[in-house]
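Please look through the structure below before reading on.

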Amino acid sequence: YIQRNVDFLRQARRHHAIKTGTLQERKRNEMEQYFDKIAANDPEITDVEIVGNNRFLSLNQEEKVKSGAAFENNTHVTTLQMSTLKLDCKFAVALAKSLESNSTIERVLLDSNAIADEGLSAIMASMSKNSTVIELQIRHQSKPTSSATEDELCDLLGGNTTLVKLGLDIRSQLAKIKLDKKMAQNREIQRKARVKANKK
């Protein structure tokens with residue numbers, strides 16, 4: 001609530017400045033510029049590892065959501081680790097949209113955030129359109145996942161055959177069994193593909 005109120009105050013001050021003609025565009029900070037570079041497809045950024053970073057935590061909600069959207073057209077980042085950053089469903093939905101079209105990210109690590117049902121479902125559904133992510137870790141979220149969401153996670157993966165390592169905190173045994181089976185099937189598909197490639 002405190003962060004939300006701070007965002008409201010920032011917005012109110014901005015609207016007032018626009019109205020009175022006193023708005024001065026501030027220089028984007030280092031963290032915002034970092035994600036601007038990712039969105040601009042900077043070839044020097046291949047691994048994104050942000051864990052419990054205070055500069056990221058101080059970003060407003062809009063900038064956090066933009067950070068998730070920054071990967072949509074990026075073709076250089078292969079590992080994305082954003083953990084212990086209080087990332088919520090709005091971020092997760094933006095990232096999910098990015099993952100639907102991204103074709104280079106292989107590892108997505110989002111442990112210890114605040115991603116709940118909507119965000120988790122969006123990320124899992126994005127895997128049905130993604131063919132490069134092989135590892136997805138979304139453990140230790142501060143928000144619980146409902147049983148109904150857990151039961152549909154495996155179906156959301158659709159025809160994905162590339163995801164082989166999945167880390168989720170799931171209470172439903174049926175959902176866990178279904179996901180474990182899906183990962184085992186994907187590993188076998190990838191093994192056969194490697195064998196076929198080696199024979200050529």
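This is a predicted model: local features need pLDDT of at least 70, side-chain atom pairs count only at pLDDT 80 or more; totals for chains, interfaces and linings use all residues.

Residues are numbered from 1 along each chain as its sequence is written, and side-chain values use heavy atoms, with hydrogens and water left out.

**The sheet**

- Five strands form an open sheet with parallel pairing, in the order β1-β2-β3-β4-β5. Strands (E, at least two residues) and helices (H or I, at least four) are DSSP runs numbered from the N terminus, and two strands pair if DSSP finds at least two bridges between them.
- The edge strands, each pairing on one side only, are β1 (47–51) and β5.
- From one strand to the next, the twist averages 5 degrees; axes are lines fitted to C-alpha atoms, for helices over the stretch in contact, and angles run from 0 to 180 degrees between N-to-C directions.

**Strand β1**

- Buried means under 20% relative accessible area, with a 1.4 Å probe and protein chains only.
- β1 runs parallel to strand β2 (residues 79–83), and five bridges join them.
- Opposite Glu49 stands Gln81 in β2.

**Strand β4 and its neighbours**

- Strand β4 (residues 135–138) is covered on both faces: Glu135 and Gln137 on one side are buried, as are Leu136 and Ile138 on the other.
- Three bridges pair β4 with strand β3 (residues 107–109) in the parallel sense.
- Across this pairing, Arg107 stands opposite Glu135, and Val108 stands opposite Leu136.
- β4 and strand β5 (residues 165–168) run parallel and are joined by four bridges; Leu168 in β5 is the bridge partner of Ile138.
- The chain passes from β4 through helix α7 (residues 147–156) to β5 in a right-handed β-α-β crossover. Right-handed means that, with the strands pointing away from the viewer, the path from the first strand over the helix to the second runs clockwise.

**Helix α6**

- α6 is largely enclosed by the rest of the structure, because seven of its 10 residues are buried.
- The buried residues are Gly119, Leu120, Ser121, Ala122, Ile123, Met124 and Ser126.
- Their cover includes α5 (89–101), β4, α7, β5 and α8 (173–199), where contact means heavy atoms within 4.5 Å.

Technical notes: Buried means under 20% relative accessible area, exposed over 50%, partly exposed in between (1.4 Å probe, protein chains only).
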